[in-house]
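User: Got a model I'd like to walk through with you. Can you take my questions as they come?

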Amino acid sequence: MESIVFLGFNLYAWITIVTVLSMFSVLLLTKLRADLVFLGAISVLFVTGVLNAKEAFSGFSSTSVVIIGVLFVVVAGLTHTGVLQWIVKHLLGQPKSYSKAVIRLMLPVAALSSFLSNTTVVALFVGIVKMWSKKLNISPSKLLIPLSYASGMGGVCTLIGTPPNLIISGLYADNTGTAMNVLATTIPGLFCLFVGVLSIIAMRKLLPDRKAPEAAFESTSDYTVELLVPSDNKHIGETIEEAGLTNVNGGSLIEIVHYDDITSPVPADELIMGGDRLIFAGQIDEILDLKKSHGFVNADHHVFTMSEVSGDRQLRTAYVTFGSSLINTKIGNSSFEQDNNMVLVAVARRGNRIDQSPHEVVLQAGDTLLFECPPNVNIHTERLTSQLQFFDSAQVPNIGKKTFISTTIMILMVVLSALNIIPLLQCAFIAAMAMLIFRCCNVDQAMKAINWEILMVFAGSVVLGIAIQKTGIAERLAFGILDVCGTNPIVVMTAICFVGTFITEFISNTAAGAMFFPIMYQAAEKLGYEPYPFLIALMVSVSSSFATPIGSPTHMLVYGPGGYRFSDFMRIGLLMNLIILAANIFIINIIYPLTPLQ
């Protein structure tokens, strides 16, 4: 089969090419989970004989993949001891200008993202930044894109800050037998961060000035109304469905209060009794027509408003994520509320509340949903987190001696690894064990912190890189790039980084790193240069996705809260891509001069 050659590629190479392109298309055009897509690609490469068993499953034993898994436990210890919350509380302050606000925000976020998951950092900061922006009288949309950008640029600053750095450095070690220092990308990363912060300040007019999505709710003090069932009402003894209250014009019934017993969500077979309090949400003027049609009367007091919520019920704001199964559907046409024990109260889009029954709104990505639910409802189930992002529910841990302990463990891990006293893998294991021994997190918290889907993607990325290199695709592409770009190493480096930067707008940066590692490595060797500086440049490039909200999970986290449109990211992001690319190539060739192979 290897003897069959077409356009310079043998059959195994064509199988790999078709697999990679198919995987790229599926990731781009469908909502399938990335881990399943990568697992399918590994299966195809193994079954067709492109890879043997050892190669196909080598990703699961890869050092870089194991390190990522162990680091999840370390991050859990930092999170549950309040390290991140302490930093947020003490670093933001009260800057007196937009420029100072951007600096005070981006630098701490970048510093945290150098050692922690940037998704975790952004998820923590989103709610804080929204409150902070109110105090500063700055639109949240002016700060949330810089927040997301800072997390991405900060992650580049260390090998453990972002998955592609670990993957690329791991593959480099496999190919050369030499491990990269954990701070190998620090100087280039800091330079690009400095350029990025200045660029954000200079291009502030390109950042949209959007109204905060929740403003639609905050300006509506009476978005619910309570009606009382008189003791002589004709509907007493009927079910909610029989009384015609399951579909109310302009809103919905979200609760019934039988004396002190609260029922929510309200089932269709719930019986109506005299003295019941019926709480409706929606368009108040239309709901009040029920006083005429059903003989209800006004209750003696309003049950709750945005500023006064009973301890028996809570209001939570959520944002519809990209890829959510709720997109293009109506809540009223599903059992979503019953399944998750919550009731939809209102929907806002781009900062404006939609003036129709919330159950009849066809949802879009980025829509803001206001839910009413009991305080013990679990909003972190896999079913919910795959569809919605909640930001008003973070449990803030107490700051205490464990905060100091977990911080010390993290610092020691980085220092011992950076000074090459103990290899990074061993350092990570020691740090994770220390987090458990000193009870910075418990075993359950540690296990829940491990994102198995991400680990599968990382393992698949390693295998993908092996297939691209083994079948000669990387070598052929490297020669092709050399034919187009000539033999100038800086031109070749720039061309590959340019493509990598824009590819990562559509697929995960981990996948992009795995795809481009063998291409960059082979191109450097064909030119006769040490691949090290080429790969450092690649690390920065595949994590520099600024132009689309789907380019990074952190962009998705801020998309809804900022009230953004898809084009908002492109306006400033395309320029940021080019600026950071230029800064990257410039600084790499100063810090790591190109050296010929011995």
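User: What share of the contacts with a separation of 6 or more comes from residues 24 or more positions apart?
Analyst: Those residues account for 78% of such contacts in the chain, where contact means heavy atoms within 4.5 Å. Keep in mind that this is a predicted model, in which local features need pLDDT of at least 70, side-chain atom pairs count only at pLDDT 80 or more, and totals for chains, interfaces and linings use all residues. Residues are numbered from 1 along each chain as its sequence is written, and side-chain values use heavy atoms, with hydrogens and water left out.

User: How many helices and strands are there?
Analyst: The chain has 25 helices and twelve strands. Both are DSSP runs numbered from the N terminus: helices are H or I with at least four residues, strands are E with at least two.

User: And what percentage of the residues is buried?
Analyst: Buried residues make up 56% of the 598 in the chain. Buried means under 20% relative accessible area, exposed over 50%, and partly exposed in between, using a 1.4 Å probe and protein chains only.

User: Let's look at α21. Which of its residues are buried?
Analyst: Pro489, Val492, Met493, Ile496, Cys497, Gly500 and Thr501. Seen down the axis of α21, they fall within an arc of 165°, so they line one face of the helix. The arc is taken from the directions from the helix axis to the C-beta atoms.

User: What do they pack against?
Analyst: The buried residues of α21 pack against α20 (473–485), α22 (509–527), α23 and α25 (566–591).

User: What goes on at the start of α21?
Analyst: A side-chain oxygen of Asn488 reaches to within 3.0 Å of the backbone nitrogen of Ile490 there.

User: Now α20. How far does that helix reach?
Analyst: From first C-alpha to last, the 13 residues of α20 reach 18 Å, close to the 18 Å expected at 1.5 Å a residue. The expected span is 1.5 Å times one less than the number of residues.

User: Which residues are buried in α20, and which are exposed on the other side?
Analyst: Ile473, Ala474, Ala478 and Leu482 are buried. Seen down the axis of α20, these fall within an arc of 165°, so they line one face of the helix. On the other side of α20, Asp483 and Val484 are exposed. Just after α20, Gly486 takes a positive phi of about 80°.

User: Switching topic: how many salt bridges does the structure hold?
Analyst: One, where a salt bridge is a side-chain nitrogen of Lys or Arg within 4 Å of a carboxyl oxygen of Asp or Glu. The side chains of Lys470 and Glu55 meet in it, at 2.8 Å from N to O. The pair links distant parts of the chain, with Lys470 in helix α19 (residues 452–470) and Glu55 in helix α3 (residues 53–56), 415 residues apart. Lys470 is partly exposed, with a relative accessible area of 45%.

User: Last one, β11. Which way do its residues point?
Analyst: Thr368, Leu370 and Glu372 point one way from β11, Leu369, Phe371 and Cys373 the other, and all are buried. Strand β9 (residues 343–349) runs antiparallel to β11, joined by five bridges; two strands pair if DSSP finds at least two bridges between them. The bridge partner of Val347 in β11 is Leu369.

Key:
Polar contact = N/O pair within 3.5 Å; in protein donor to acceptor, adjacent residues only side chain to side chain.
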